[in-house]
Structures are given as C-alpha cells and as structure tokens.
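Here are a few points to keep beside you while you look through this model. Please read them slowly, with the structure open.

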Amino acid sequence: MSLDQKTAPAERAEAEDWKGRSDDADAERTLAESDDQASLVRIRRRSFHLLGWMLNPHKRAMVTLGAMLVVGTLASLAGPFLAMLAIDHAIPQITERGSYTYLIWIAVAFALISVVYYASTRLFIVYSAKISQEMLARLRKRVFRKFQQLSVSFHERFTSGRVVSRQTSDMESINELASQGAEELIVSSLSIVVIGAVLAVMDPVLALAAFVAIPCMIVLARWFSRVSAIAYRRSRETVADLIVYFVESMGGIKAVQSYRREDRDREIFHRLNQANRYAQAKGFKHNAKFGGGTKLIGNAVIVGVLLFGGWRVMNGDTEIGVLAAFVLYLKRFFDPIQELAMFYNTLQSGSAALEKLSGVLDEPVEVADPERPEPLGTARGEVVFTDVEFRYRDDEVVLPGLNLTVPAGQTVAMVGATGAGKTTIAKLVSRFYDPNKGRVELDGRDLRDLSDEDLRANVVLITQENFLFDGTIAENIELGRPGADREEIERAAKVVGADEFVRDLPEGFDTHVKKRGGRLSAGQRQLVVFARAVLADPRVLILDEATSSLDIPSERLVQRALKTILADRTAVIIAHRLSTVEIADRVLVLDSGRITEDGSPSELTAGEGGYARLHRQWEDSLV
Ligand SMILES: Nc1ncnc2c1ncn2[C@@H]1O[C@H](COP(=O)(O)OP(=O)(O)OP(=O)(O)O)[C@@H](O)[C@H]1O
C-alpha cells in the first residue's frame with residue numbers, strides 16, 4: 001500500500017478502466033484527445049442502462065409521483081391568480097353591491113387548494129423518499145455483490161479507498177439526484193411554463209416587458225453551469241481523494257505508527273483537506289454570484305413591471321389585480337430558473353456517479369464461473385499444470401511455461417528465492433487468477449470449467465494473512481463447513497492443537513475474536529485458520545507460508561498435526577522454514593518461474609543442487 005502523496009493521481013490513472021466520463025479532468029482529457037467518441041457513447045449507453053435498471057421496478061410509482069408533483073405545483077401557483085380575482089372582481093363587488101359571495105368563494109377555493117397542496121406535497125415527500133431509498137439500497141446491494149464477484153486481481157489493483165468512495169460519495173450524488181434533482185426539474189420547468197403562460201394570458205404587453213429579462217437570465221445561467229460544473233467536479237474529486245487517503249492511511253495505521261509517519265500523513269491529509277476546502281469555497285463563490293445575480297435581475301424586472309404596469313393601470317390598459325398577480329408571479333418565475341441551473345450541478349455529479357458505478361458493474365469478472373460447469377463431486381485431488389504461462393496484467397512473465405503433475409494424495413513442498421513464483425502457483429491452483437496460456441486441472445478438469453462451489457469445496461488455500469471474521473472462535477472455525485456442530489468444531493480444533501489455548505480463554509470457543517481477530521495472537525489466529533481448514537476437509541490443501549507466525553513449540557505441534565491433516569489429501573506447502581519441508585513427499589525448487597529441482601527431500605538433500613546447499617545452511621544455523 002502506498003501512503004505517499006502521489007497516491008491520489010496514480011490511483012486516478014488506475015481508475016480509468018472503470019471511471020465515468022467526468023470522473024476527473026485527466027480522464028476526460030484522455031478521452032477528448034483520442035477523440036474517442038465511441039467510448040463516450042458506450043459510457044452514456046452504459047449509464048442509461050443502469051438508470052433504466054434502477055427505475056424499472058418503480059415505473060408506476062414514478063407516474064403517480066409525477067402526477068402528485070404536477071397537482072402540488074399547480075396548487076402552489078394558484079395563489080396569485082386568486083389574489084388577482086379577489087382584487088379585480090370580488091372586492092369591487094363588495095364596494096359596489098355589498099356582496100361578499102365572490103370573495104367567500106375565492107377564500108373557499110384558496111382553502112381547498114391549500115389542502116390539496118399540503119396533501120400532495122406530503123405524499124410526494126414520503127413516497128419519493130421511500131422510492132429513492134429503495135432504489136439506492138438495491139443499487140448498493142448490486143454494487144456490493146459485484147465487488148464481491150470481482151477477482152482478486154481487481155482488488156489488488158484498486159485500493160479499498162476507491163471502492164469505499166464508490167459506495168459512499170457516488171451513492172450520495174445519486175441520492176441527491178434521485179431525491180431532490182427530479183423534483184427540482186419537474187417543479188421548476190412546470191412553474192416556468194405555467195407562470196409564463198398565465199402572465200401572457202393576463203397581460204401580454206406587460207408579460208413581454210417582463211420576458212426581456214429572460215435572455216439575461218439564460219446568459220447568467222449558462223455562465224454558472226459552466227463554471228460551477230468545473231468547481232463541482234473539483235470538489236467531488238477532492239472529496240474522493242480525502243476518502244481514499246483516509247481509508248488507506250487508517251488501513252495501514254500500524255505501519256503509520258510504527259514508522260512514525262503521523263506527521264507526514266497529517267501533512268498530506270492537510271493538503272488534501274485544503275484542496276477540498278478551496279474547491280468547496282470556489283463553488284460557493286459561484287453560487288453567491290449566481291444567486292445574487294438572479295435576484296438582482298428578478299428585482300430589476302419587478303421594479304420595471306411595477307413602473308410600467310402602474311402606468312398601464314393609470315391608462316386603464318390593465319387592472320390593478322393583474323399588476324399585483326404579476327409581481328407575485330414574477331418572483332416565482334425567476335426562482336425556478338435559478339433552481340434549474342443548480343439542478344445542472346446535481347445532474348452533473350449524479351450522472352458522473354452513474355457513469356462510474358455502471359463502469360464497476362460492467363467490469364468483466366476475470367475469473368468467471370463457467371456457464372455450464374462440469375460436475376466434479378468429491379475430487380481425488382490430482383493437480384496438473386500443462387504449459388502454464390502467466391503474467392500479472394501487463395507485467396513481466398512470472399511463469400514462462402510450467403509443467404507439473406502433483407498426483408492425488410502427494411504432499412509437495414515448494415521452495416525458492418523470493419519472487420520465484422511460488423505464491424503465484426498457489427493462486428493459480430486456487431483459481432484466483434486464470435493462466436494466460438495453458439491449463440490448470442483438477443482431476444483432469446480445467447479449473448475454468450468447474451463451478452466455484454465445487455472448486456472451493458475441494459481446494460483450500462491458507463496464507464499467512466490468517467483472516468478471521470468478526471464473531472466467535474467457533475463461528476470462525478465453522479466457516480470451514482457451515483452447519484458443522486459444536487463437537488465437530490472442537491474436534492477440528494483439537495486436531496491442530498488449538499483447543500488448549502481456546503480453553504484458556506474466558507469464554508472458550510465462544511470468545512469473540514474482535515475485529516479481524518485482533519483479540520488473538522498471530523499464532524493463535526493461524527491455529528484457528530488451520531482448524532477451519534481441517535473442518536473443511538478439502539481434497540487439495542495449499543499452505544502458503546502458513547506456519548510462519550507460529551512459535552517453535554506451536555509449529556512443532558502444527559507439524560505433528562499436519563502429518564495427520566495432510567495424510568490423505570493433496571498438499572502444496574510453500575515454506576521458507578525447511579523444518580516444514582521435511583514432512584513433504586516431494587520438494588520442488590523454483591527459480592524465475594521454472595522448476596530447477598524436483599525430488600524427495602532426502603534425494604535433494606543428498607545431491608549437490610541449490611536445495612542441498614540451503615539444507616546445509618539450515619542445519620548449520622540449527623547447530
Ligand atoms: N499482484 C501482483 N501484481 C503484479 N506482480 C505480482 C503480483 N504478485 C506477485 N507479482 C510478481 O510476481 C513474481 C512472483 O511473485 P510470487 O509472490 O509468486 O513469488 P514468491 O516466490 O511467492 O515470493 P515470496 O517467497 O517472497 O513470497 C514477483 O516478481 C512479483 O513481483
């Protein structure tokens with residue numbers, strides 16, 4: 001993990017594959033430079049597809065919600081019109097004939113419309129929130145599932161910070177778009193059209209005078225959309241950088257503290273924080289200019305309309321109630337224009353988030369389950385590599401053409417210098433990756449043709465990571481074979497010698513291991529993982545440096561247990577400690593992805609090869 005300042009830009013470049021069009025300026029520039037119109041079209045189509053998937057289950061509800069919104073908006077717009085009727089028609093009836101009937105009808109209509117407005121707004125808010133939250137929960141679930149399916153290679157390339165940012169800031173942008181954006185769009189557009197029409201009908205000349213301001217508003221709105229899009233994008237980028245850095249830094253907190261990187265990390269975080277602050281401040285500055293500008297234009301129009309309208313009233317060209325309604329409507333006419341420009345931002349960030357999330361969902365699952373898996377049942381455990389060539393993405397070739405047969409039941413130890421390719425072989429047997437060329441087979445079946453279920457039931461990899469999940473020791477062991485009873489769990493623990501330390505714990509097998517097993521020592525965690533593997537009872541067991549955190553007595557204990565555990569299954573042991581190698585039937589020495597020595601431990605020890613040399617050095621060290 002890199003905690004360096006360069007992390008963010010490097011990651012941004014990495015993120016290109018599943019970025020949205022507007023994830024960052026660099027990405028956008030890359031697309032623009034290559035004039036990759038096809039990519040743009042593909043990304044847009046991908047986003048629309050995702051949007052369609054999100055909206056599909058709610059189509060009917062959306063129509064109902066739209067109707068509620070239209071009713072609510074129309075009801076809210078009725079006020080000034082009723083005021084006009086009251087001033088121009090109802091009040092003259094009182095003054096001329098002493099009749100209050102017209103005014104009472106207007107008051108009743110106003111009360112009814114208010115009730116309609118209240119009911120429709122309330123229903124709209126409750127149901128739109130329900131639907132948007134359902135939509136988001138469904139999307140989050142799908143994205144989570146996708147992240148689970150994506151291969152180890154994906155997660156090795158994309159840091160957890162990026163993944164977290166997809167599930168947080170991107171979801172938030174979509175939430176904003178779904179919960180406020182759509183409402184703003186409908187209410188604002190409807191208000192502009194309805195008010196414009198009402199004004200034009202009430203007094204076309206006065207309306208024309210008021211509409212002179214529209215081009216100014218459009219120019220201002222276009223300026224705002226342009227500058228705020230840049231500021232918005234910058235603030236989103238900086239928020240994402242903050243999340244990424246925070247997650248990465250906290251993920252490596254032990255290393256940060258032990259290497260005293262706190263000051264440096266604080267400095268980097270401070271810089272990212274400042275960048276975010278400036279980006280946000282810039283956005284607010286634009287908002288202030290735009291908000292103030294629209295108000296200024298709106299008020300200038302109202303002043304103009306008052307003067308011109310007053311003159312028209314004096315000349316008897318229009319009614320005073322019409323002028324009052326005009327003034328009331330004009331305010332509501334310009335506010336939506338302002339809201340539409342703001343909506344543009346929500347739309348921008350929402351669609352960028354959609355693009356990125358649709359990219360994640362589109363990411364090919366490199367190690368995919370076959371469409372029609374070959375049934376395996378219980379395997380014998382023969383593992384065969386045939387002409388296997390492998391490289392990590394575009395890096396150098398790690399395995400140039402490996403041929404290896406491990407007969408069922410054999411215990412093979414792999415030794416070799418750091419970087420020789422031992423772990424890579426283990427990952428290929430566990431199918432965390434597929435070979436670029438050649439085949440890896442289990443009992444004559446290509447691993448690519450096996451269902452994930454069959455593969456995981458038959459092949460188990462134990463690494464030195466010793467990952468324990470949040471839960472009790474018993475629950476962690478039970479993961480090996482879900483549904484196993486307590487007796488089986490305790491027996492598995494006994495086989496690897498884990499029962500002793502477990503019994504010393506206050507709650508025995510029901511002791512909570514805390515986050516990632518933090519309650520246990522590294523060696524204890526390893527024993528729990530071993531017990532889990534014993535319970536799983538796979539045909540092929542791969543141990544990658546799996547005993548490295550055990551102390552000598554525990555290792556001896558596990559080694560004794562290993563003899564029992566490995567007795568009737570195929571095993572591949574990767575070990576730096578030669579004591580572990582001793583129990584193997586066969587030793588492979590690896591160098592740059594090639595097998596340079598292959599034989600029983602005694603044969604190789606007796607020879608003159610690299611293994612014999614290593615073995616002598618090891619014996620000398622023991623002395
Ligand atoms: N995820 C990865 N992405 C790119 N290259 C990788 C990756 N993992 C390993 N490599 C490279 O592949 C080569 C083989 O690595 P591997 O982990 O298989 O070696 P190893 O023999 O297990 O080493 P060690 O004994 O240190 O664990 C190394 O050159 C390493 O840099």
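**Notes on the helices**

1. In this predicted model, the stretch of residues 63-87 is 100% helix and 0% strand, and its end C-alpha atoms lie 37 Å apart. The UniProt record, in an unreviewed entry, marks residues 63-87 as a "transmembrane region", and it gives that feature also to residues 99-120, 185-202, 208-225 and 296-314.

2. For residues 99-120, the end C-alpha atoms are 33 Å apart, and the span is 91% helix with 0% strand.

3. The unreviewed UniProt entry also carries the annotation "domain: ABC transmembrane type-1", which covers residues 63-349. In the model that span is 93% helix and 0% strand, while its end C-alpha atoms lie 25 Å apart.

4. Turning to a pair of helices, α9 (residues 204-211) and α12 (residues 262-314) have axes that come within 9 Å and cross at roughly 155°. Because angles over 145 degrees count as roughly antiparallel, α9 is roughly antiparallel to α12. On the α9 side the contact is made by Leu206, Ala209 and Ala210, and on the α12 side by Val301, Gly304, Val305, Phe308, Gly309 and Arg312. The crossing in which α9 passes α12 is right-handed.

5. Which residues of helix α7 (residues 160-167) are buried? They are Gly161, Arg162, Ser165 and Arg166, and because they cover an arc of only 140° around the axis, they are on the same side of α7.

Technical notes. Residues numbered from 1 in each chain as written. Predicted model: local features only at pLDDT ≥ 70, side-chain atom pairs only at ≥ 80, totals over all residues. Buried ≥ 20, exposed ≤ 12 C-beta atoms within 10 Å, placed from the backbone. Helix = DSSP H or I, 4+ residues; strand = E, 2+ residues; numbered from the N terminus. Arc of directions from axis to C-beta. UniProt positions renumbered as here; feature names shortened; annotations may be inferred. Axes fitted to C-alpha atoms, helices over the stretch in contact; angles between N-to-C directions. Parallel < 35°, antiparallel > 145°, perpendicular 65-115°, else oblique. Left-handed = near helix turned anticlockwise from the far one by under 90°. Contact = placed C-beta atoms within 7 Å.
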